[in-house]
Each structure stands twice: as structure tokens, then as C-alpha cells.
Amino acid sequence: MESSEHGCMAFCMDHTAVETFAYLSCDEQDHPQPHRMRQKRLSCLQGESQERDKGSIIESFVTNFSNIYESELLPARNGEKLTEHFLHEVVDILLSYIKKTYDGKSKVLDFHHPHQLLEGLEGFSVELSDQPQPLEQILVDCRDTLKYGVKTGHPRYFNQLSSGLDIIGLAGEWLTATANTNMFTYEIAPVFIVMEEILLKKMHEIIGWGESEADGVFSPGGSISNLYSILVARYKRFPEIKTKGMAALPDIALFVSEHSHYSLKKAAAVLGIGTDNVVAVKCDARGKMIPSELERAILKVKRQGKVPLYVCATAGTTVYGAFDPLACIADIADKYNLWMHVDAAWGGSLLLSGRHSYKLSSIERANSVTWNPHKMMGVPLQCSAFLVREKGVLQACNQLGAGYLFQPDKQYDTAYDTGDKTIQCGRHVDVFKLWLMWRAKGTQGFEILINRFLELAEYLYKELKTRKNYELVFDAEPELTNVCFWYIPPSLRQIPKGPEREKRLHQIAPKIKARMVEEGTAMVGYQPHGDNVNFFRMVFSNPATKKPDIDFLLDEIERLGKDL
């Protein structure tokens with residue numbers, strides 16, 4: 001039998017056995033050529049079309065992707081069925097992963113060192129080849145990528161401020177990727193541009209600003225939102241910066257809490273202000289900026305001949321979860337004519353809670369706010385809003401009017417071409433997943449979620465106080481969901497506090513974390529902070545987490561650390 005006939009017959013055999021099809025000639029098996037294979041299979045289909053229903057043959061045929069290539073998917077001619085079946089396979093992989101993510105009995109991660117991933121694991125290679133790989137291999141790569149990653153939606157994943165896996169948000173991200181458009185003009189993203197405006201107005205209203213007077217933009221994360229705040233503050237005070245640069249400005253100074261996010265110093269470096277001109281203001285033991293220290297720092301800078309420009313108050317610090325006294329800081333900002341920014345990337349979502357929103361009292365007095373829905377609101381990464389009280393300043397600061405994008409004579413209201421407000425050209429659609437989740441949950445649904453996170457933090461705080469092997473970093477009920485503590489192994493319990501004990505205690509959290517990650521049972525962060533040696537920091541932003549998961553974590557820390 002000729003090899004070409006063998007190929008057709010093997011393909012067109014009874015479709016209970018089609019999944020094994022060996023329809024390639026020997027030459028083609030050794031040297032696969034996707035387009036030739038596609039033509040041969042199509043001719044086979046056409047030859048047998050009178051005997052069988054073509055659609056059912058294709059459905060059986062595409063269950064095996066070992067000799068099918070990307071070039072045969074849409075927009076290739078007749079690629080509809082192949083594309084449909086391939087994407088169904090991908091969805092099956094994702095659904096399997098999602099189910100494992102929510103299964104508390106599964107591992108949070110299957111840890112491997114970087115060199116192991118680079119060298120390859122059980123057939124999984126991250127190396128790139130010049131020749132195309134069949135879709136069978138692409139599906140294996142999808143499975144392995146998830147297999148060796150971290151299940152950030154696992155109920156025992158406490159490692160970062162952003163965690164969890166919201167199904168509606170996931171659906172929103174899928175749709176966003178399918179639309180695959182850009183946020184710079186209304187003409188190519190009409191629905192998304194309008195959704196962004198609706199979301200910004202809603203967030204302005206929640207902060208306490210009038211919707212007509214405020215503005216904003218969704219940006220690639222809280223660090224960029226914080227950068228926007230300094231950029232706009234500087235332009236508002238010194239508009240000549242846009243054309244003449246820093247050489248035309250006096251020395252300026254920025255003020256941040258000593259517990260503020262490091263992105264503020266990075267922004268100062270990026271914007272040419274310099275990290276030496278970022279003044280870290282002292283905080284109290286709870287991690288809140290001390291207003292009198294802020295005023296003292298401002299007066300000192302003025303005596304040095306510098307211009308105090310900007311103060312950033314934090315609403316929910318990264319480690320302690322502290323809220324700076326916004327009203328007092330706003331008074332000082334008014335007194336010395338400083339732009340006041342509130343970095344509420346972490347704590348801003350408490351504005352949605354009637355029970356906890358008082359912690360951000362006076363936030364409406366801020367000139368600008370950073371708020372990250374991808375943290376406590378559970379929106380898939382990433383989703384950050386930069387909000388500014390004065391409309392027009394963001395546009396004036398960044399507008400350059402690129403003629404190929406922002407033509408003034410379009411047939412619609414070009415005020416909706418929002419891309420010139422941003423420092424980017426291309427901008428990812430981060431708004432749809434948030435909009436869709438807000439539709440699905442309502443503001444009330446977010447409030448329930450946030451209140452539950454605070455309840456879990458309170459539960460952990462009270463549980464730690466009852467366990468003799470744990471010490472709180474500071475004994476105060478959590479303001480946010482951060483709870484900071486040390487585990488004290490038996491070997492250290494009888495050692496009096498002092499340098500020797502601190503030195504040994506500093507090593508405990510890293511060793512326990514390493515063992516925990518190796519076993520894959522949970523993930524929790526640790527760090528030193530100020531004068532405090534390494535301690536664990538628990539945060540809650542994962543809707544899958546329940547009280548038994550907290551109990552498990554504390555028991556697991558003891559199990560892994562009792563011999564240290």
C-alpha cells in the first residue's frame with residue numbers, strides 16, 4: 001500500500017480508534033511540514049465525505065494534536081474546528097488547575113530551584129527552538145507551567161497582599177485577552193474607555209470627591225500610580241518642568257513615612273528628583289507617621305533652602321498595615337502648601353466597608369490617591385487606579401498630542417481619547433475585570449468580603465495571644481489584615497531577651513519558610529523591619545481562606561520549627 005493511501009485510511013478509520021491515527025508517511029513523520037500535512041488531511045476528508053459526516057470526522061480527528069501545528073489554527077482556512085478543540089483542551093487544563101487551587105489538600109507549590117527549571121524537569125523545557133512544536137507539546141507546556149508554578153488562589157497562600165482567584169475576575173481577564181485592544185483611544189476601545197470613566201467616577205464618589213471635578217487613570221500597578229502622584233504634583237507647582245527639565249527648578253523635597261512603600265523612592269530616582277531628596281518621617285511604634293515629626297522635617301528642609309513639594313500619607317502600610325493620621329497630615333499640607341497624596345494601594349478598599357471606612361477619614365482632602373483593586377478587592381493582577389482631585393492637570397502634565405493617534409477632527413467626542421493623559425502609549429485593559437466583578441458582587445458584595453478578611457485577622461490575633469510559642473510584634477488589634485508575629489522554638493524560650501536571643505531568633509523565620517516551601521504546604525511572608533529581627537507577616541486577601549487554614553498554618557509553623 002502506498003504511504004499516502006495508508007495515511008488516508010489510518011485517518012478515516014472507525015473513529016473509536018481515530019485518536020491513534022498514524023496518517024503521516026514515514027518521510028513526513030521524520031520531517032513534519034505543517035502545511036503539507038494539512039493539505040493531505042483535507043484531501044482525505046474530502047475523499048471520504050460521501051461515506052461519513054465531515055463534522056464528526058473532524059471532531060474525532062482533532063482529539064490528537066501530536067501532528068497539528070499553530071499554523072493550522074485560525075486564521076488559517078478551515079481552521080475553525082481545530083481552533084475550537086484546541087481551546088477546549090486549554091480550558092480543560094485551566095479548569096483542572098482551578099479545582100486543585102481551591103483544594104486545601106493539594107500543595108500550594110511544587111518547589112524547584114532556578115537551575116532545575118533551566119535544566120529541564122521531566123520533559124518540561126523552557127528553552128526556545130527554531131522549529132515549531134506541535135500543539136500536543138504546547139498543551140503539555142501549559143500543564144507543566146501551571147504544575148511548577150505557585151497556586152496563589154490556594155486557601156493557604158498568605159505570601160503577598162494580592163492573592164486569591166476570583167472566577168468572575170478570571171472570566172473578565174479571558175474576555176480582555178480575547179478583545180486584545182489598547183486603551184489609548186475611544187475608536188479602538190469604546191466600551192472599555194466608557195467603563196473606565198464609570199469606575200473612576202464610582203471611586204471618586206467613594207473617596208468623597210465630586211465626580212465632575214476629579215480625574216484619574218488605571219495604571220500598571222501601585223508603583224506607577226505613586227509615580228504619577230509625584231509627576232503631577234511637580235507639574236502643578238512647576239509647569240515649566242515639562243519643557244525645561246529639572247535644571248529650571250529649585251531643589252525640591254518629598255516627605256514620606258519611614259514605613260512607606262519603596263516605590264516612592266524609586267519614583268524620585270526615575271523622575272530625576274533623587275532619593276536624597278526623599279525625607280523619611282518618623283513613625284510611632286504602631287507604624288503611623290507622627291505629624292509633629294513631619295512638620296519638623298518640613299521646617300528643616302526650608303532652612304536648607306529647598307522647596308517642600310509633596311507629602312505621601314499611607315493608608316495601610318505594607319508590613320504593619322498601619323494608617324497614617326490623614327486629617328493631621330492634611331492640615332500640615334495646607335499650612336505649607338504641599339501636595340498631599342494618599343497611598344491607599346493596600347488599605348483603600350476599606351472605603352467600601354461601613355464598619356472600617358472611618359480608618360481613612362479625611363482622605364477626601366488629598367490631592368491624589370493610589371488604590372489597588374487587585375489587592376483586597378480580589379481583582380486579578382493587575383488593577384491599580386491613580387485618582388486625582390483636580391480635573392485637567394493629568395492631561396496637561398502628560399499631553400503631547402501625537403498626530404497619528406489623537407486627531408482633533410474625529411467624528412466623536414475626542415475627550416474620550418484618554419491615552420494622552422498617561423505616560424504610556426500602549427495601555428492594557430485593566431478595567432473590564434473590575435467592572436464585571438462590581439456588576440457580579442455589587443458594592444455590598446465587596447463590603448462582605450472585606451469585613452470577612454478583617455474578621456480573619458482578628459481571629460489570628462486572638463489565637464496568637466493564647467499560644468505560648470508565639471509573640472506578637474506589637475500587641476494591638478489589627479487595623480488592617482496584617483498580623484505580625486514571631487515563633488519562639490523551645491530552644492529559645494528560656495533565653496533572656498538580648499543580642500544573642502535576637503541573633504538566633506532572626507534565623508528562625510527564614511528556616512521555617514524554607515522548609516514550608518520545600519514541602520509545599522503553605523506560604524507566608526517574613527521580613528525584618530526597623531529594629532525588629534525577622535518575623536512572620538500574615539495578610540488576608542484570599543476569599544478561599546477560612547479559620548481552619550489559619551489553625552493549620554500555626555500548627556505547621558510549630559511542626560516545622562520545633563527542632564530549631
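Tutor: Two strands pair if DSSP finds at least two bridges between them. Helices (H or I, at least four residues) and strands (E, at least two) are DSSP runs, numbered from the N terminus. The model before you is predicted: local features need pLDDT of at least 70 and side-chain atom pairs count only at pLDDT 80 or more, while totals for chains, interfaces and linings use all residues. Residues are numbered from 1 along each chain as its sequence is written, and side-chain values use heavy atoms, with hydrogens and water left out.

Student: In what order do the seven strands of the open sheet lie?

Tutor: The order is β2-β8-β7-β6-β5-β3-β4, with mixed pairing. β2 (215-219) and β4 are the edge strands, each pairing on one side only.

Student: How many bridges join β3 to β5?

Tutor: Five bridges join these strands, which run parallel. In β5, V311 is the bridge partner of F255.

Student: Which strands does α10 touch as it packs on the sheet?

Tutor: Contact means heavy atoms within 4.5 Å. Angles run from 0 to 180 degrees between N-to-C directions, with axes being lines fitted to C-alpha atoms, for helices over the stretch in contact. α10 touches β2, β3, β5, β6 (339-344), β7 (368-371) and β8 (384-388), and its direction makes about 150° with that of β5. Helix α13 (residues 291-303) lies across β3, β4 and β5, at about 165° to β3.

Student: Which residues of helix α12 are buried?

Tutor: An α-helix has 3.6 residues a turn, so residues three or four places apart point the same way. Buried means under 20% relative accessible area, exposed over 50%, and partly exposed in between (1.4 Å probe, protein chains only). In α12 (residues 263-270), S263, L264, A267 and A268 are buried. They cover an arc of only 145° around the axis, which puts them on the same side of α12; the arc is that of the directions from the helix axis to the C-beta atoms. The face turned away from this buried side carries the exposed residues K266 and V270.

Student: How many aromatic pairs are there?

Tutor: Rings of Phe, Tyr and Trp (its six-membered ring) pair if their centres lie within 6.5 Å; planes under 30 degrees apart count as stacked, over 60 as edge-to-face and the rest as tilted. By this rule the count comes to 15 aromatic pairs. The rings of F192 and F432 have centres 5.9 Å apart and planes at 65°, so the pair is edge-to-face. Both F192 and F432 are buried.
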